[in-house]
Amino acid sequence: RTPPQLLRDCLDSVLAYSGPMELVCVLDSPGEPCEAVLDEFAAKEPRVRLLKNDRNRGVSYSRNRGLDAATGECVTFVDADDRIIAPVYEQGMERIGREAADCCRLRVREDRDPGFEPDACVTRTVFDADAAGLPIGLLGMSACATLFRTEVLRTLGLRFPEDYHCCEDRILMERFMVAGRRIAFLNTCGYEIVGHPDSTCRRRATDADTFVQTLRANLGMLRDVIDKGVPDVVSKWYLRTFVMFLLAGRSAVRSHVTGADRIGYVRLLRETAELVTGACARFVTLPTRVLFALIRRAPGLWFLPGMPLMFALRVLNHYGLVVRRS
């Protein structure tokens, strides 16, 4: 569903890269208007390799197919309606070589909010989970704006989970991070999010299954970082992100999650409550433990409007008091 002009802008931005490169384009739905644009670029530009799926298979399948086809030393992912700033990616490649890093994370800008706070980004070049929690958030949960060493992804067996239509980026990024790889940061904007009203992210915002899958993904990631024995600062970051998702999405859940989806959501809520009151108990404050102890026994509380304890938690979360500080 990418408008042809946005796709042209995206392709032009990638092909502005001056170093040796290949651009693997995966057409997920043959017959769409953008197919003619891809055919045109593949015919005139030798650096473009065009792959066409037999039918609509989704972003994870398409990215995995592109990853399998990639032959470059490093690989990155670009959504068809976004743009990259090619010279910054060239700097990212240099940073990977200079730091002997497994990936390099760039700054991201959204066109509807083009302003930056230069000091909002850590300028350190190497990720150190023991030193600070901020680089974890800085790494982000999108595979875009990140240059990976291709062989590292293959050695780790990292792929996008094809049974997810949302959070697929987050799952791959979490698995990459808990593998303890060396991560470099470049404090420069290299990726511009554009998007359009009919984009996948915007269409799935009110999809009930999206809320269920997001909860399932968050729960799986939190379990993973706990099981891997990563530093507490990492577990706390994932726990805080998880609680923020639950708090922020509660009203939307009441509106959109019904029927069989609600049954699945309630089951995941119980599992979440068990994890928070069990394995995560040492990280969370007393009000948070009380809330999840209640949810463990009566998940239906989550769907009630108002709820004074929920309001109190939102206030506490605003001041960063839901998860204990180190």
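**Helix packing and salt bridges in a predicted model**

Me: In this predicted model, how does H9 pass H10?
Reply: H9 crosses H10 in a left-handed sense.

Me: Why are H9 and H10 called roughly antiparallel?
Reply: Helix H9 (residues 208-227) and helix H10 (residues 232-248) pack at about 165°, with axes 9 Å apart. Angles over 145 degrees count as roughly antiparallel, and H9 and H10 are therefore described that way.

Me: Which residues of H9 and H10 meet?
Reply: Among them are Phe211, Leu215 and Leu222 in H9, and Tyr238, Phe242 and Leu246 in H10. By class, the contact of H9 with H10 has 13 nonpolar, 3 polar and no charged residues.

Me: What makes arginine 63 and aspartate 79 a salt bridge?
Reply: Their closest N and O atoms are 2.9 Å apart, and the cut-off is within 4 Å. The pair joins distant parts of the chain, with arginine 63 in helix H3 (residues 59-69) and aspartate 79 in the loop between strand S3 (74-75) and strand S4 (83-84).

Me: How do you know whether arginine 63 is buried or exposed?
Reply: Buried means under 20% relative accessible area; arginine 63 has 9%, so arginine 63 counts as buried. Aspartate 79, at 27%, counts as partly exposed.

Me: What does arginine 63 form with glutamate 168?
Reply: Their side chains meet in a salt bridge at 3.6 Å, N to O. Glutamate 168 lies in helix H7 (residues 168-178), 105 residues from arginine 63. At 5% relative accessibility, glutamate 168 is buried.

Me: Which residues are linked in a network of salt bridges?
Reply: Arg63, Asp79, Glu168 and Asp169.

Technical notes. Residues are numbered from 1 along each chain as its sequence is written. This is a predicted model: local features need pLDDT of at least 70, side-chain atom pairs count only at pLDDT 80 or more; totals for chains, interfaces and linings use all residues. Side-chain values use heavy atoms; hydrogens and water are left out. Axes are lines fitted to C-alpha atoms, for helices over the stretch in contact, and angles run from 0 to 180 degrees between N-to-C directions. Helices (H or I, at least four residues) and strands (E, at least two) are DSSP runs, numbered from the N terminus. Angles under 35 degrees count as roughly parallel, over 145 as roughly antiparallel, 65 to 115 as roughly perpendicular and the rest as oblique. A crossing is left-handed if the near helix is turned anticlockwise from the far one by less than a right angle, and right-handed if clockwise. Contact means heavy atoms within 4.5 Å. Ala, Val, Leu, Ile, Met, Phe, Trp, Tyr, Cys and Pro count as nonpolar, Asp, Glu, Lys and Arg as charged, and the others, Gly among them, as polar. Buried means under 20% relative accessible area, exposed over 50%, partly exposed in between (1.4 Å probe, protein chains only).
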